[in-house]
Amino acid sequence: MSNKTLDPQLLLEFALEAAWKAGRVTLGHYQTGVPEERKSDNSPVTLADKQAEQTLREMITRYWPEHGIIGEEYGQQNSDAQYCWIIDPIDGTKSFVSGVPLYSNLLALTDGDKALLGVANFPALDDMIYALRGGGCYWNGRRTHVSQKDNLANAVLLTSELNYFGLSNRRQAWQRLVEQTYIQRTWGDAYGYFLVATGRAEIMLDPAMYLWDCGPLQVIMEEAGGTFTDWKGTPTIHGNESVATNGALFDQVMDIIGERSPQNQT
């Protein structure tokens, strides 16, 4: 493996450029009435999703041919590689096709089960948040941090899709959180986690997620001083679900959800 592969800053600079370029691809289709298809799970996909992922795959293959790739639209390659890039070319495609600017391009680099770096680019908002493990979290180049609120009664609670709570038999857990928090909104998908990481919300949770949805979010949340776990309280991007908090409210949220495993009790 080449020395450049081991240079975290070089990897981060590449990821930032790649995410920005993917964002430019999506902006070329944004608010143009681009046709959408429906996938097997009834979620939309467009030419913008496909072209953005192709752009990212071409860049990764050119600069890091020994690395693996897992992408939402085109699957996995180099599955035995130590380092793997996780791609969500458009997170929030429903927002994208509706002409709403809360969509993002997500990119993460993992070493085994853990992300070394993560980038979430919101091209229609001209916002980018990114983190390098051990190097802090940055919003448009400036260090950012979660809020310090430790009272649920003052907290902003976010999610993506309310119907997912019913589908996963977690509607009561959501309702208990609603009753104990101040503001509740569906500023969802990666945008909600962005708000928590930048101190503008305190809790974001989803009962159903894919790996490419989660890829950059754990390292971003943790480097911003918060938490990103599954519903049992385990820090992971592989849980197919997620709970993000500002850290100060983590235990209270876990107690309300009521799913924390014994090894995650404090």
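**Salt bridges and cysteines**

Trainee: Which accessibility class holds Glu17, at 38% relative accessibility?

Mentor: This is a predicted model, and the percentage is computed from it. Buried requires under 20% and exposed over 50%. At 38%, Glu17 lies between those cut-offs, so its class is partly exposed.

Trainee: Which residue forms a salt bridge with Glu17?

Mentor: The closest N and O atoms of the pair are 3.1 Å apart, and the cut-off is 4 Å. Both residues lie in helix α1 (residues 8-27), four residues apart, which means about one helical turn separates them.

Trainee: How many residues apart in sequence are the parts tied together by Glu72 and Lys39?

Mentor: Glu72 and Lys39 form a salt bridge, with 2.9 Å between their closest N and O atoms. Glu72 sits in the loop between β3 (68-71) and β4 (75-77), while Lys39 sits in the loop between β1 (36-38) and β2 (44-46), so the separation in sequence is 33 residues.

Trainee: Where is Glu222, the salt-bridge partner of Arg133?

Mentor: The closest N and O atoms of Arg133 and Glu222 are 3.1 Å apart. The pair links distant parts of the chain, 89 residues apart, with Arg133 in the loop between β8 (127-132) and β9 (137-139). Arg133 is partly exposed at 28%, and Glu222 is partly exposed at 26%. The location of Glu222 is helix α8 (residues 217-223).

Trainee: How many disulfides does the structure hold?

Mentor: A disulfide needs two cysteine sulfurs within 2.5 Å. The structure holds no such pair, so the number of disulfides is zero.

Trainee: Which cysteine has the sulfur nearest to that of Cys137?

Mentor: Cys137 is buried, at 0% relative accessibility. Cys137 is in no disulfide, and the nearest cysteine sulfur, 16 Å away, is that of Cys214.

Trainee: Which cysteine has the sulfur closest to that of Cys214?

Mentor: Cys214 is also buried, with a relative accessible area of 0%. The closest cysteine sulfur is 14 Å away, too far for a bond, and it belongs to Cys84.

Technical notes:
Residues are numbered from 1 along each chain as its sequence is written. This is a predicted model: local features need pLDDT of at least 70, side-chain atom pairs count only at pLDDT 80 or more; totals for chains, interfaces and linings use all residues. Side-chain values use heavy atoms; hydrogens and water are left out. A salt bridge is a side-chain nitrogen of Lys or Arg within 4 Å of a carboxyl oxygen of Asp or Glu. Helices (H or I, at least four residues) and strands (E, at least two) are DSSP runs, numbered from the N terminus. Buried means under 20% relative accessible area, exposed over 50%, partly exposed in between (1.4 Å probe, protein chains only).
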